[in-house]
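Please read them with the coordinates open.

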Amino acid sequence: MNWVVLDEARARSDMPTDLTPFYDAWLVENPGKAGRLAAIVSAVVAEFRDAIASNAANRLDPRTDALPESCIRSAEVLIYGSLQNEMGRKLSGDDAQAMTRAEILLRQIGYGHFVTGAGDATSEPSPHCTVDVPRTERILP
């Protein structure tokens, strides 16, 4: 599994181009908020890592700011949505739906439907989902 560092620099470089000018203007108007993006990123990464760690079968990357690559997009959606809320910007319908889908993924991780490895792709497929549905033999009438 490929783990990727998600920090303020990564979030800033991946920031949607339509959000960037509003964020820059917000920072000029509110210079005391300069650390908010880093704080939001840190909180979202911690939430994903906590959800991953809630399944004993999962192994976390030792870097505390790293997430599985397949979680980065959802984490960034939550980061940018939280940032827009803090900036007082109304989320578009598409952004609100994306945040809902990202929250669903986060909850599914916490429910144990997401299994991570130790960071090497040789030991198991990465990432993969599991569903604990008992399998019974099929009986036809």
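The points below go from the overall layout to single helices and then to single residues.

1. Overall layout. This is a predicted model. The protein has five helices and two strands, and from the N terminus on these elements run in the order β-α-α-α-β-α-α. Of the 141 residues, 33% are buried. Among contacts with a separation of 6 or more, 70% are between residues 24 or more positions apart.

2. Helix 4, geometry and burial. Helix 4 has 16 residues and reaches 22 Å from its first C-alpha to its last, close to the 22 Å expected at 1.5 Å a residue. The buried residues in helix 4 are Ile72, Ser74, Ala75, Glu76, Leu78, Ile79, Tyr80, Gly81, Leu83, Gln84 and Met87. The list includes Glu76 and Gln84 as well as residues such as Leu78 and Ile79.

3. Just after helix 4 comes glycine 88, with a positive phi of about 85 degrees.

4. Glutamine 84. This residue belongs to helix 4. Glutamine 84 has a relative accessible area of 8%, which is under the 20% limit, so it counts as buried. With neighbours within four places in sequence left aside, glutamine 84 is in contact with Leu19, Arg89, Leu91 and Asp95.

5. Arginine 89. Besides being one of the contacts of glutamine 84, arginine 89 places its charged end over the ring of phenylalanine 22, 3.8 Å from the ring centre.

6. Helix 5, geometry and burial. Helix 5 (residues 93–110) has 18 residues and spans 26 Å from its first C-alpha to its last, close to the 26 Å expected at 1.5 Å a residue. Its buried residues are Ala98, Met99, Ala102, Leu106 and Ile109. Seen down the axis of helix 5, these buried residues fall within an arc of 100 degrees, so they line one face of the helix. The general rule is that an α-helix has 3.6 residues a turn, so residues three or four places apart point the same way.

7. Helix 5, the two sides. Which elements does the buried side meet? The buried residues of helix 5 pack against helix 3 (36–53) and helix 4 (72–87). The face of helix 5 turned away from its buried side carries Gly93 and Arg101, which are exposed. Helix 5 is followed by glycine 112, and the phi of glycine 112 is positive, near 85 degrees.

8. Asparagine 55. This residue sits in the loop between helix 3 and strand 2 (66–68). Asparagine 55 is buried, at 17% relative accessible area. Its side chain reaches the backbone nitrogen of alanine 57 at 3.0 Å. Beyond its neighbours within four places in sequence, asparagine 55 is in contact with Gly112, Phe114 and Val115. Gly112 is the glycine that follows helix 5.

9. Alanine 66. Alanine 66 is part of strand 2 and is buried, with 0% relative accessibility. Leaving aside neighbours within four places in sequence, alanine 66 is in contact with Trp3, Val4, Val5, Arg49 and Asp61.

10. Aromatic pairing. How many aromatic pairs are there? The count comes to one. Tyrosine 23 and tryptophan 26 form this pair, which is tilted, at 6.2 Å centre to centre and with 35 degrees between the planes. Both residues lie in helix 2 (residues 20–29), three residues apart, or about one turn of the helix. Tyrosine 23 and tryptophan 26 are both buried.

Note on methods. Residues numbered from 1 in each chain as written. Predicted model: local features only at pLDDT ≥ 70, side-chain atom pairs only at ≥ 80, totals over all residues. Heavy atoms only, no water. Helix = DSSP H or I, 4+ residues; strand = E, 2+ residues; numbered from the N terminus. Expected span 1.5 Å × (residues − 1). Buried < 20%, exposed > 50% of the residue type's maximum accessible area, 1.4 Å probe, protein only. Arc of directions from axis to C-beta. Contact = heavy atoms within 4.5 Å. Polar contact = N/O pair within 3.5 Å; in protein donor to acceptor, adjacent residues only side chain to side chain. Phe/Tyr/Trp six-rings, centres within 6.5 Å; stacked < 30°, edge-to-face > 60°. Lys NZ or Arg CZ within 6 Å of the ring centre and 35° of its normal.
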